Amino acid sequence: EESIRKLYFDTCLYTKDALELLFKMVGTDRCMFGTENPGSGSALHPGTGRYMDDTKPIIESIEWLTDNDKKMIFSENAKKVYNLNL
């Protein structure tokens, strides 16, 4: 557990279950928003009609994530890692 907290992870996962597992296992403070385009995520999801790499709505639909969790995932963690003072 301690070693995994030394890493950061992207959100290039295409299901709610996979994203929830990632956030539960490593914490939202170790995750950064990411997509894979072009790539395998460029395909349309047959159930939603959205591109597979359109993960923002999936992350936003996770009920137990706080507004602060989402802010960390979508911007604050990247600012910290890349030392961006925006």
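N77 is buried in this predicted model, with a relative accessible area of 3%. The residue sits in helix α3, which spans residues 67-81. Leaving out residues up to four places away in sequence, N77 touches T28, D29, R30, C31, M32 and M72.

C31 is itself buried, with a relative accessible area of 0%. The residue also belongs to the largest nonpolar core, which has nine residues in all: L19, L22, F23, V26, C31, I59, I62, L65 and I73. Helix α1 (residues 16-26) gives the most to this core, with four residues. In soluble globular proteins, nonpolar side chains tend to be buried together.

One of the core residues is L19. Apart from neighbours within four places in sequence, L19 is in contact with T11, L13, I58, I59 and I62.

| Cysteine | Relative accessibility | Closest cysteine sulfur |
|---|---|---|
| C12 | 24%, partly exposed | in C31, 11 Å |
| C31 | 0%, buried | in C12, 11 Å |

How many disulfides does the structure hold? The structure holds zero disulfides. A disulfide needs two cysteine sulfur atoms within 2.5 Å. The sulfur of C12 has its closest cysteine sulfur in C31, at 11 Å, so the pair is too far apart for a bond. Seen from C31, the closest cysteine sulfur is that of C12, also too far for a bond at 11 Å.

Conventions
Residues are numbered from 1 along each chain as its sequence is written. This is a predicted model: local features need pLDDT of at least 70, side-chain atom pairs count only at pLDDT 80 or more; totals for chains, interfaces and linings use all residues. Side-chain values use heavy atoms; hydrogens and water are left out. Buried means under 20% relative accessible area, exposed over 50%, partly exposed in between (1.4 Å probe, protein chains only). Helices (H or I, at least four residues) and strands (E, at least two) are DSSP runs, numbered from the N terminus. Contact means heavy atoms within 4.5 Å. A nonpolar core is a set of buried Ala, Val, Leu, Ile, Met, Phe, Trp, Tyr and Cys residues joined through side-chain atoms within 4.5 Å.
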